[in-house]
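Have a look first, then we'll take the questions in turn.

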Amino acid sequence: MTHSFFFPPEKQNNFPPLPKFIPLKPCFYQNFEEEIPSEHCYLVKRIYHLWILYSITLVVNLIGCLAWLIAGGSAINFGLAILWLVLFNPCSYLCWLRPIYKAFRSDSSFNFMAFFFIFGAQVVLMALQAIGFSGWGACGWIVAVGVFSSNVGAAVVMLFPAVMFSAVTILSILIILRVHSIYRGGGGSFQKAQEEWSAGSWRNPPAKQLAFETVTGSTLPQYPTVPRYPDSNEWS
């Protein structure tokens, strides 16, 4: 009996989808239909789309800050806009999109809690970005409206990120309320997350265990527990 029989090939990482000419490989495996329970697949996809929208918003914000700079604004705002794009785009994926993906994938209370805390903090930050305080590197409503008196063209460009920050903030609030409702409805709690942390069960199951279940024909699912949350097909 060969070694490969017991240990089938691991899934190849497919995210982010990088062009072949770039000498880098994807860091994560992501497959909603295969890994997320069908009743929650739609919701998790929408959270992923929200992350994409937030990333686009950061790009539009950079353009708005460039217009602001050309109109006589501070270079600090443009520099911070670059920092937010470079920092928040990958960090938001790692710090709240991956946790909620893994939370629904394996019914992990620890990952649900990580999502609530980190995503909740980002919702507050996005709300502040939508308001638009000067010196924050964000083209929100206050700074965009203020530029109308000096440069209408730049102000119009700056309104786009203000609208997008506002839309992302509202959608994020709806998302976190929806996920919290599903989590609490399934019996999740902070104590359960603490127990997962203590037991170390929040991590992915060992490859050897998965291989054993594959060889022995176990009827158990791929992950340790089966999500028992209410249906979430409806988009709130």
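Q: Why is S106 called buried?
A: This is a predicted model, and in it S106 has a relative accessible area of 11%. The cut-off for buried is under 20%, so S106 makes it. S106 sits in helix α4.

Q: What makes the S106 side chain and the backbone oxygen of K102 a polar contact?
A: A polar atom of the S106 side chain lies 2.9 Å from that K102 oxygen.

Q: Why does D107 count as buried?
A: The relative accessible area of D107 is 10%. Buried means under 20%, so the label holds for D107.

Q: Where is D107, and what is its phi?
A: D107 lies in the loop between α4 and α5 (109-131), just after α4. Its phi is near 55 degrees, a positive value in a residue other than glycine.

Q: Where does α4 bend, and by how much?
A: The bend is at L97 and comes to about 35 degrees. A proline, P99, follows within four residues.

Q: How do you know that the span of α3 agrees with its residue count?
A: At 1.5 Å a residue, the 33 residues of α3 should span 48 Å. The end C-alpha atoms of α3 are 49 Å apart, so the two values agree. After α3 comes G72, with a positive phi near 110 degrees.

Q: Why is C41 called buried?
A: C41 has 10% relative accessibility. Anything under 20% is buried, so C41 qualifies. C41 lies in helix α3 (residues 38-70).

Q: Which residues does C41 touch, leaving aside its neighbours within four places in sequence?
A: C41 is in contact with F32, E33 and I36. As for Y101, 60 residues away along the chain, its C-alpha atom is separated from that of C41 by 9.6 Å.

Q: Which residues does UniProt mark as "transmembrane region", and what are the spans 109-132 and 152-177 made of?
A: The unreviewed UniProt entry places that feature at residues 50-70, 76-97, 109-132 and 152-177. In the model, residues 109-132 are 96% helix and 0% strand, with end C-alpha atoms 35 Å apart. Residues 152-177 are 100% helix and 0% strand, and there the end C-alpha atoms lie 38 Å apart.

Q: How many helices and strands does the protein chain have, and how much of it is buried?
A: The count is nine helices and zero strands. Buried residues make up 41% of the 236 residues. The accessible surface comes to about 12,900 Å², with 68% of that belonging to carbon and sulfur atoms.

Q: What share of contacts between residues at least 6 apart in sequence joins residues at least 24 apart?
A: In the protein chain that share is 67%.

Conventions: Residues are numbered from 1 along each chain as its sequence is written. This is a predicted model: local features need pLDDT of at least 70, side-chain atom pairs count only at pLDDT 80 or more; totals for chains, interfaces and linings use all residues. Side-chain values use heavy atoms; hydrogens and water are left out. Helices (H or I, at least four residues) and strands (E, at least two) are DSSP runs, numbered from the N terminus. Buried means under 20% relative accessible area, exposed over 50%, partly exposed in between (1.4 Å probe, protein chains only). Contact means heavy atoms within 4.5 Å. UniProt positions are given in the numbering used here, feature names are shortened, and annotations may be inferred rather than shown by experiment. The bend at a residue is the angle between axes fitted to the seven residues ending there and the seven starting there. Accessible areas come from the Shrake-Rupley method with a 1.4 Å probe; for residues, only the protein chains shown count as cover. A polar contact is a pair of N or O atoms within 3.5 Å; within protein, one must be able to donate a hydrogen and the other to accept it, and residues adjacent in sequence count only if both atoms are side-chain atoms. The expected span of a helix is 1.5 Å times one less than its number of residues.
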